[in-house]
Amino acid sequence: MTWYADRPARLGRQVLADLLAVAWVWFWVDLALGVRDGVLRLRAPGDGLVSAGQGLSDTFRDAADRARDVPLVGGRLADALGRGQDAGGSMVGAGQTQIEAVESTAQWLAIALIALPVAFLLVSWLPLRVRYARRAGAAKRLRDTGREDLLALRALNELSLRRLAAFDGDPVEGWRRRDPEVIRALAAGQLAAAGLRPPR
């Protein structure tokens, strides 16, 4: 396959289109990462809940450990303080759930912001580039192996009527007679349509 044309004008347009495609992907990736970072900032309340819950749980646990040493009521007091420790654990769980939700949202939002524009590019720009590469590669092989007659036949099928009408005589009749000038002109027209130089 031939990805780029020989002729400067077509080559310039192709390079520009490829650079725009790369810039398009870069823009959306950069935007997606920025949005992800912005959404991840929303996990701060969850971090606060985890930190506060952990602190509360540690405080009640220490208090329960000390309460066990109190004569007569130490066991009951420790059990009551243990419920405070469970409340701290619940706060930690709620904070972690919030953090997971924010992280999941940030991740899927970033994936969507990258996947949709890239998918659009893959269904619009990439097929055109691949089609050109195959067409130009086939034309180049025919040119390099001296098969101008096949290039001329392809030109009769693909060139516009305006370009075919520009010939002095009937290009189909000239191709049938294997007129070397007509065949060379048709082959050159087909190569030019693909942005390739004529045979030397």
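Gln-14 touches Trp-3, Tyr-4, Ala-5, Arg-129 and Tyr-132, leaving aside residues up to four places away in sequence. Contact here means heavy atoms within 4.5 Å. This is a predicted model: local features need pLDDT of at least 70, side-chain atom pairs count only at pLDDT 80 or more, and totals for chains, interfaces and linings use all residues. Residues are numbered from 1 along each chain as its sequence is written, and side-chain values use heavy atoms, without hydrogens and water.

Gln-14 sits in helix 1. Helices (H or I, at least four residues) are DSSP runs, numbered from the N terminus. Gln-14 is buried, at 7% relative accessible area. Buried means under 20%, exposed over 50%, and partly exposed in between (1.4 Å probe, protein chains only).

Two of its contacts also meet: Arg-129 lies over the face of Tyr-4, 5.0 Å from the ring centre. That requires NZ of Lys or CZ of Arg within 6 Å of the ring centre and within 35 degrees of the ring normal.

Now the aromatic pairs. Rings of Phe, Tyr and Trp (its six-membered ring) pair if their centres lie within 6.5 Å; planes under 30 degrees apart are stacked, over 60 edge-to-face, the rest tilted. The count is 3.

| Pair | Centre distance | Plane angle | Type |
|---|---|---|---|
| Trp-24 and Phe-120 | 6.0 Å | 50° | tilted |
| Phe-27 and Trp-28 | 5.3 Å | 80° | edge-to-face |

Trp-24 in helix 1 (residues 8-40) and Phe-120 in helix 3 (residues 74-144) are 96 residues apart. Trp-24 is partly exposed at 33%, as is Phe-120 at 47%. Phe-27 is partly exposed at 43%. Ring pairs join Trp-24, Phe-27, Trp-28 and Phe-120 into a cluster.

Notes: Helix = DSSP H or I, 4+ residues; strand = E, 2+ residues; numbered from the N terminus.
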